[in-house]
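Here are some review notes to read beside the model. Keep the structure open and find each part as you go.

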Amino acid sequence: MIPLSWYLTFAAALFSIGLFGALSRRNMVAILLGVELMLNAVNVNLVAFWRYGDVAQMAGQVFAIIVFAVAAAEVAVGLALVISVYRRHNTVIAEELDLMKW
Amino acid sequence: MTTEQIIFLIVAGATLASGLLVVTSRNLIHAALWLVATLFGVAIVYTLLNAGFMAVVQVVVYIGAIAILFIFAVMLTRKDMRDSGAQLNSNWWAGALMAVLTFGGLFAMLRTWGGMSKTAAEIPAGFDQIAELGAQLTSPEAYVLPFEVASVLLLAAMVGAVYLAFNKK
Amino acid sequence: MNEWLYVLLFMVVGAIIPIGAIAAGFIFGPKKPNPVKRETYECGIEPVGEAWVQFKAQYYIFALVFLVFDVEAVFLFPWAVKLGALGIYAVVEGIIFVSILVVGLIYAWRKGMLEWV
Amino acid sequence: MNFWNDPLKVAAEWLEGVFVGWGMNEIASHVLVVFLGVFLLVLILMVIDIFLVWIERKVVARFQDRIGPNRLGPFGLVQPFADIIKLIIKEDTTPDGADKVVYNLAPVLSMMSVLMVWAVVPIAPVMLSVDLNVGALFLIATGAIGTLSIIMAGWSSNNKFALIGGFRQVAIMVAFEVPMLATLMIPTIFSGSMNMNAIITAQDGLWFFVLSPLGALIFLIAAIAELGRAPFDLAEGESELVAGYSTEYSGMKFGMFYAGELLHALTFGGIWSILFFGGYRFFGLEQVSPFLAILIFLAKALLGYWVIMWVKYTMLRIRIDQMLVFNWVFLTPLAFALMLVTALMNALLKDASPWLYGLGMFLSNVVVGWIAIEIARSVSRKEREKVEGVHQVAEAHH
């Protein structure tokens, strides 16, 4: 039997990798890829807590499904933003979008 | 070590390795394909957790739809096939530091928590997860409001994305 | 035993068979590459430019609408499984759920986004 | 229990006994036996796949008033083996600039996605492959892997035709997966489970085709589009895009795409028969022997495959814009409306007698279909008037 700690450590590692991707990549699409990894790590935790808690309580899985919906919405709007920005400024590099900087 | 633990270690290792490749690949299509591998690994982890429905949903939603969306978006926003220039920004070391600190902090915090070494109880025989999920998603005492709000959220995402991707300059 | 182990076996066997077939082709086939043979196919004339072509944003919209309905199906399948045991209120909830999303589909259609311009 | 009633279990127990006798531990021998069983099933599928080439060529020949392959062996039965030898001894070329790993992985994934569907297909009452409680959704999940393999093949070939063909194919597949998802919910509502075997068991009195003929029709249309066959085959419309995403593939790699498509068609025939025509059931005959049940299932699957071929060789190719508008504006709302009406009728008629239940379901299907056709007719009449001008339509009425 696998102890709960393994899953939580795995999720924490996945979250950190996603965080690194979201903070360090220049391409906006790549940043969204990092965010996806972070959302997945959260889902692993939710399902693991469902399994190791009271199985009859489906809260963990329900939350995970809601996270799926949120992830879908986030990706849809995020990538649409990237495409929109690309059409206006002809770039997908986050650093080059400095209109709000001074 | 039991067979299950060995399978978990292999899957987790492969998943984390492909996760690292997602955030370091120069070619964005490769990064998206490595994302698919990572998400598939997470789906296998769900099956190890006896959450078969979540595993299938993971494949259907992430690999079937989100990965395709990413690949389409990459194709729509690239000037040529080859990637030039740095893929990481100048502050990448700060990002790496943050990631390591987050992992270290989480790990240290989790170690001090009592419930860590908990093992799972057997799932009672005849327990139908999907039916239970359906019952709770539609029950007014449980999650019917999130169920309907999710629909509104998806509507908002669809309208917003259609508007953003298509507003003429 | 976890029933997903069997699915894993199907995956492994499903990969072994095509890999074996392709390997057989690789072993028995001739290998005489030359630059012209390795050119990408463009109806016999020399390839022009890169394979990258400008894509329509419509592709993105199709994938987007699909994604939304995919996630919707994830919510609706547990609902459909349990429907027999639930009352008429669950059906009404499902109708509300779907009709909210159909509004989005109508919006995309009205905006002319689902057409292949 | 004897071999005639439960051949798989008898054989498995015997084999396990043999392996344990050789000094293996029990779990390992069980896994090995299951592995061998899966391998055997997949091998049988591949043999059927080889003969599908022959069936396809013979049937298309009949549709086109020809004889078809008739030189090698009786009725040309050896022809597919000659085809395979040809594919094996062809040179395996990789174009310049192709992404080697992705390029080679795509045909493997394509074949794998089809073979994996059979993990949830019950071929006889005692042969349940894997008893997953998510069967219906598993079908969509394997379809997702197939979609991915096409996009990988199209992108990695470094060829314009392959890329455009792959993208078009993916756009079609994702578009038609939406009505397929909606119609998959209809058997789920009837049987109260996504498990394929539970769906078959629930078709005790009536096949779901009787309860939901419109659902079966929509599923078939979506399945044909998913397969990328005519009339939805524009991803490889030969006059426009050469061979679509498989343009650059040669030899056995192309063979994998081709064999995968044929087997996929048979698989969808089988899934169609499971969801709407009772799978291996045929008026109690399946109880006689599992061997008979397998034959019944195979016959039904081949019948479904024949319907798919019939459509392919009868219809003209549909233009991509018409096809996608047809899907998003007509088929998707129709499928969801049908699903909701089915859910509503199911809740209303839950306590009614089976006859009333069946009649109510059938009539509600007819009504939904009739309304949809009326709406489509009035819309297309308006479109025609816009295009042709009013006077011509008026003339046509005289």
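1. Start with the domains of chain D. This is a predicted model.

2. In domain 1 of chain D, 17 residues are in contact with 16 residues of domain 2 of chain D. On the domain 1 side, helix 1 (7-21), helix 2 (26-63) and helix 3 (79-88) of chain D each supply at least two residues. Helix 2 of chain D gives the most, with ten residues. By class, this side of domain 1 has 13 nonpolar, no polar and four charged residues.

3. Stay in chain D and find helix 6, residues 160-191.

4. Just after helix 6 of chain D, D:Gly192 takes a positive phi of about 70 degrees.

5. Is helix 6 of chain D buried or exposed? Of its 32 residues, 32 are buried, so helix 6 of chain D is largely enclosed by the rest of the structure. The cut-off for buried is 20 or more other C-beta atoms within 10 Å.

6. Two loop residues deserve a look. B:Asn50 is not a glycine, but has a positive phi of about 65 degrees. B:Asn50 sits in the loop between helix 2 and helix 3 of chain B. D:Asp65 is not a glycine either, and its positive phi is about 60 degrees. D:Asp65 is in the loop between helix 2 and helix 3 of chain D.

7. D:Asp65 has 6 other C-beta atoms within 10 Å, so it is exposed.

8. Turn to chain A. Its secondary structure comes to three helices and zero strands. Along the sequence the pattern is α-α-α. The C-alpha atoms of chain A fill a box of roughly 50 × 25 × 20 Å along the principal axes. Chain A has a radius of gyration of 17 Å, whereas a compact globule of 102 residues would have one near 13 Å. Buried residues make up 60% of the 102 residues in chain A.

9. Next, see how chain A meets chain B. The contact takes 72 residues from chain B and 58 residues from chain A. On the chain B side, helix 1 (3-24), helix 2 (28-48), helix 3 (52-76), helix 4 (92-112), helix 5 (129-138) and helix 6 (144-166) of chain B each supply at least two residues. The residues on this side of chain B divide into 53 nonpolar, 15 polar and four charged.

10. Finish with chain C. Eight residues of chain C are in contact with six residues of chain A. The side of chain C that touches chain A has eight nonpolar, no polar and no charged residues.

Definitions and conventions:
Residues are numbered from 1 along each chain as its sequence is written. Chains are lettered from A and ligands numbered from 1 in the order in which they are written. This is a predicted model: local features need pLDDT of at least 70, side-chain atom pairs count only at pLDDT 80 or more; totals for chains, interfaces and linings use all residues. Two residues are in contact if their C-beta atoms, placed from the backbone, lie within 7 Å. Helices (H or I, at least four residues) and strands (E, at least two) are DSSP runs, numbered from the N terminus. Ala, Val, Leu, Ile, Met, Phe, Trp, Tyr, Cys and Pro count as nonpolar, Asp, Glu, Lys and Arg as charged, and the others, Gly among them, as polar. The radius of gyration is taken over C-alpha atoms; the globule rule is 2.2 Å times the number of residues to the power 0.38. A residue is buried if 20 or more other C-beta atoms lie within 10 Å of its own, exposed if 12 or fewer, and partly exposed in between; C-beta atoms are placed from the backbone. The expected span of a helix is 1.5 Å times one less than its number of residues.
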